[in-house]
Amino acid sequence: MSETVYDAVIVGAGVSGSFIADELTQAGMSCVMLEAGKFFNRKTYPRNEVDANSQLYWGGGIELNHDASIGLLRPKVVGGGSIVNQALVDRFDDDALDSWREASAVPFLSSEGLAPWYDKAEGRICMQNVPTKYRNRNAEIFRQGFENNGYQWAPLRRAQRNCHYEDGNDCIECLWGCRIDSKQSTPVTVLRRALDAGLRLVPEIEAQGVTHNGEIVVVSAVSRSGESQTFRGRRLVLASGAIGNSKLLLRSGFADRLPRLGYNFYTHPQYMNLGVYEEPVNAHKGPLQSLKSADPGFRRSGFKLENVYGPPAALAMLVPGFGKEHQRRMKQTSHFACIEVAVRDTHPGRIRVKRNGGAVIEKSLNREDAARRDRGLAAVRNIFLSTGAREIIPGNIAIGLHLMGGCNMGTDPQRSVVSPEFRLHGTKNIYAADSSIFPNAPGINPSLTIMALSLKGAEQILAEARP
Amino acid sequence: MTSKHLTAAQLIGLQKAGDVVVPGDGELPSFSRSGAIEHVDRMLDYMYETDLNGVKALLTIFRFLPRLIISWIMSLTEKGRSLPEPLAGACRMANLGIKGVVMTLYYSDLGPEPSVLKAIHWDSKIVERDDDLEERVSEAG
């Protein structure tokens with residue numbers, strides 16, 4: 001057992017944990033960070049789908065909800081979502097933040113209130129749009145289809161430094177970690193600074209329980225090899241996301257004092273749709289994602305469209321059926337274009353734990369969410385048909401990539417889990433500022449807002465630590 | 001071959017199910033000819049025990065079934081999405097389990113003579129430059 005008492009124990013080395021660790025260590029705090037996943041670098045990232053799915057995600061690649069209707073992709077790697085995401089960095093709009101403020105009664109959840117924190121987060125990373133000349137045909141189909149149907153689109157802002165498109169780089173490879181360190185994953189940005197400032201990072205160890213006596217928080221953890229360890233801190237920062245935070249707290253008996261723990265869980269259910277074209281599309285070449293939907297009608301209708309693609313095994317799961325016909329279609333992958341519908345879900349799910357400590361995710365689409373999905377699918381169909389697709393393969397597997405809630409922020413301890421001071425209600429030294437505190441689904445990629453909230457949360461921690 | 005997780009019978013079940021899902025044609029090898037099964041532990045090492053047990057149970061059954069029946073079961077799991085719950089859920093789970101293992105192994109193209117990605121015209125690449133790495137890291141930091 002380690003007798004060291006750290007200023008902060010941070011559980012989770014994803015976006016939130018990395019940003020908070022940077023702020024705390026720069027201020028001179030001693031911090032230890034526990035992460036269940038491995039610590040890769042550009043030389044060691046997985047190079048194929050078997051190893052990527054197995055080693056970068058929980059459950060060997062995918063976790064399923066209670067009735068196997070939604071596949072959840074939950075990163076398990078140092079750097080978290082910033083390693084495997086597509087690096088989209090948008091601020092939330094008034095619609096999302098007004099909805100948050102209404103649900104939480106937290107005044108700073110507004111465009112003005114978060115602006116300084118967005119500014120600071122944007123200062124920590126490089127951001128670029130993909131130059132027009134490098135857009136691939138998948139993006140051009142997306143743009144042309146939008147224009148044919150009178151939908152509004154916009155260039156996408158991505159957290160990347162220099163993808164060297166002139167070398168012919170194909171960014172789909174970076175879904176398994178960016179091998180040229182262009183993507184602004186936290187190991188090349190804030191986490192690196194935190195490590196330089198003395199952060200102790202312990203990868204491949206999973207937090208199992210939390211106890212606290214008011215002054216000291218104790219985290220028990222088990223390494224991948226089965227070794228038990230204990231970490232003590234003057235404060236605990238929960239940064240393992242909606243499922244990770246909820247599961248840890250539920251296992252630790254916090255549900256008695258936090259009645260909403262595990263509730264208010266959202267996923268932005270996403271459906272990847274394929275259009276098959278006569279001419280090659282080569283959606284796997286060049287920048288993976290360059291454009292986004294910016295249509296106010298889509299926003300009002302509760303969905304957005306994303307110009308995405310997936311690697312071969314993922315595509316094989318999207319293509320229905322099996323056998324020779326499936327193989328025939330797989331040989332047409334270079335003729336596939338792809339557009340994803342992301343639903344802004346209104347119907348919250350719930351995270352529970354089983355007796356063995358595993359998580360059960362109760363989450364489904366209600367009638368409204370299904371209608372939002374169907375409106376999105378109709379728009380995708382319009383886009384594909386107006387650009388000459390000879391066949392459409394609609395997505396019939398819901399994927400949850402944005403896992404949010406479970407520890408929602410709010411002023412009322414009976415209706416929320418985390419206070420506006422980023423502390424668990426009823427505690428004075430357990431904090432969270434990641435996607436688990438989201439009051440509802442914003443309908444916008446969450447990464448930049450997680451960074452902003454984490455920076456604000458870190459300032460709160462430092463302010464409360466001052467004598 | 002041997003596996004840390006699967007018995008010899010379960011490996012035969014996987015080989016049979018794999019060849020139903022990916023039978024091969026003139027260009028693409030069958031699942032068994034691809035050599036993908038050799039790498040099954042790279043996937044199963046990380047799977048949750050409950051999920052792994054479900055896959056193992058199915059593979060044990062497949063070991064003793066003719067391919068025609070395995071094909072019928074796979075068709076049922078594909079079409080079963082429209083059945084009432086919880087039958088539909090069980091179909092989705094079985095389909096994702098078997099198809100997921102087979103497709104991920106196969107399309108990772110890990111066999112001794114990789115040919116799958118070439119046959120589907122998949123040629124993504126990243127040019128890794130060493131010359132500017134240090135500059136990038138120091139700027140980012």
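Predicted model: local features only at pLDDT ≥ 70, side-chain atom pairs only at ≥ 80, totals over all residues.
**Entry: chain A overall**

I started with the fold content of chain A and counted 13 helices and 20 strands. Next I checked its overall dimensions. The C-alpha atoms fill a box of roughly 65 × 45 × 45 Å along the principal axes.

**Entry: chain B overall**

I then turned to chain B, where I found eight helices and zero strands. Read from the N terminus, its elements run α-α-α-α-α-α-α-α. The globule rule gives 14 Å for 141 residues, but chain B has a radius of gyration of 19 Å, so it is more spread out than a compact globule. Its C-alpha trace spans about 60 × 35 × 30 Å along the principal axes. Buried residues come to 40% of the 141 residues in chain B. Here 67% of the contacts with a separation of 6 or more are between residues 24 or more positions apart.

**Entry: where the chains meet**

I asked myself how many residues of chain A are in contact with chain B. I got 46 residues of chain A, facing 48 residues of chain B. On the side of chain A that touches chain B, the elements giving two or more residues are α2 (49–56), α7 (190–196), α10 (312–318) and α11 (324–330) of chain A. The largest share comes from α2(A), with six residues. Sorting this side of chain A by class, I noted 13 nonpolar, 18 polar and 15 charged residues.

**Entry: helix α5 of chain A**

I picked out α5(A), residues 111–123, to check its geometry. Its 13 residues should span 18 Å at 1.5 Å a residue, and the end C-alpha atoms are 17 Å apart, which agrees. I still found a kink of about 30 degrees, centred on Trp117(A). Trp117(A) is also one of the buried residues of α5(A), and the others are Leu114(A), Tyr118(A) and Ala121(A). I looked for what covers them, and the cover includes α4 (94–104) and α13 (447–465) of chain A.

**Entry: helix α5 of chain B**

For chain B I looked at its own α5, residues 67–79. This helix has 13 residues and reaches 18 Å from first C-alpha to last, close to the 18 Å expected. Which residues of α5(B) are buried? I listed Ile70(B), Ile73(B), Met74(B) and Thr77(B). They lie on the same side of α5(B), because they cover an arc of only 100 degrees around the axis. I traced their packing to α1 (8–21), α4 (49–63) and α6 (87–107) of chain B.

**Entry: Leu24(A)**

Is Leu24(A) buried or exposed? With 25 other C-beta atoms within 10 Å, Leu24(A) is buried, since the cut-off is 20 or more. Leaving out residues up to four places away in sequence, Leu24(A) touches Asp7(A), Ala8(A), Met29(A), Cys31(A), Ala458(A) and Ile461(A). I also noted that Leu24(A) and Glu459(A) are 435 residues apart in sequence, while their C-alpha atoms are 8.6 Å apart in space.

Note on methods: Residues numbered from 1 in each chain as written. Chains lettered and ligands numbered in written order. Contact = placed C-beta atoms within 7 Å. Helix = DSSP H or I, 4+ residues; strand = E, 2+ residues; numbered from the N terminus. Nonpolar A, V, L, I, M, F, W, Y, C, P; charged D, E, K, R; others polar. Expected span 1.5 Å × (residues − 1). Buried ≥ 20, exposed ≤ 12 C-beta atoms within 10 Å, placed from the backbone. Arc of directions from axis to C-beta. Bend = angle between axes of the 7 residues up to and from the residue. Rg over C-alpha atoms; globule rule 2.2 N^0.38 Å.
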